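Me: Hi! Could you walk me through this model?

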Amino acid sequence: MPKKQAPGLKRILKAGVYSMKGFKAGLANEAAIRQEMALAVVLTIVAFFIATDLVSLLLLIVFPWLTVVVELLNSAVEAVVDRIGTEWNELSGRAKDLGSAAVFVLLCLNVLVWGAIVLKRFGLINF
């Protein structure tokens, strides 16, 4: 029998509570989440001094926070895999590696976006 969901506003409030539990668990148990969230906060502040237009500002803010999102999902995958068992399994290892690769790709995109905008801001490249 499917789980019955709370209606309307109550469901939204409960979802918010579950989200806060997720943030708390991530911050308590995952160093990568703590590091990436701290970096996202710092970069968000710096973005206001670097950006020269709205699009640049949004890119500089969104990319670090998107990295936090992907790290949260990666940590969720790792938690589920670890819950299943501690013995080595090819599919479990692949799942963890794929999550890690997703974070790595986004970190590389962060460097690309931030690098391009910073270089343009200080006149080192012109496009």
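Me: Before we dig in, what am I looking at, and how are residues numbered?
Reply: It is a predicted model, in which local features need pLDDT of at least 70, side-chain atom pairs count only at pLDDT 80 or more, and totals for chains, interfaces and linings use all residues. Residues are numbered from 1 along each chain as its sequence is written, and side-chain values use heavy atoms, with hydrogens and water left out.

Me: Switching to packing: at what angle do H1 and H2 pack?
Reply: About 105°, with the axes 5 Å apart. H1 is therefore roughly perpendicular to H2, a label for angles of 65 to 115 degrees, while those over 145 count as roughly antiparallel. Axes are lines fitted to C-alpha atoms, for helices over the stretch in contact, and angles run from 0 to 180 degrees between N-to-C directions.

Me: Which residues make that contact?
Reply: H1 brings Phe23, Gly26, Leu27, Ala28 and Asn29, and H2 brings Ala31, Ile33, Arg34 and Met37. Contact means heavy atoms within 4.5 Å.

Me: How about H3 and H4, at what angle do they cross?
Reply: Roughly 170°, and their axes come within 9 Å, so H3 is roughly antiparallel to H4.

Me: New topic: how many residues are in the largest nonpolar core?
Reply: It has 14, and Ala47, Ile50, Leu57, Leu60, Trp114 and Ile117 have the most contacts inside it. Such a core is a set of buried (under 20% relative accessible area) Ala, Val, Leu, Ile, Met, Phe, Trp, Tyr and Cys residues joined through side-chain atoms within 4.5 Å.

Me: Which helices supply it?
Reply: Helix H2 (31-50), helix H3 (54-84) and H4 each give at least two residues.

Me: What does Leu57 touch?
Reply: Ala47, Phe48 and Ala51, leaving out residues up to four places away in sequence.

Me: Last one: is Gly123 buried or exposed?
Reply: Exposed, because its relative accessible area is 60% and the cut-off is over 50%. Gly123 sits in the segment after helix H4 (90-121).

Me: And Ala79, where is that found?
Reply: In helix H3. Ala79 is partly exposed at 45%, and its C-alpha is 9.6 Å from that of Lys96, 17 residues apart along the chain.

Notes. Helices (H or I, at least four residues) and strands (E, at least two) are DSSP runs, numbered from the N terminus. Buried means under 20% relative accessible area, exposed over 50%, partly exposed in between (1.4 Å probe, protein chains only). Angles under 35 degrees count as roughly parallel, over 145 as roughly antiparallel, 65 to 115 as roughly perpendicular and the rest as oblique.
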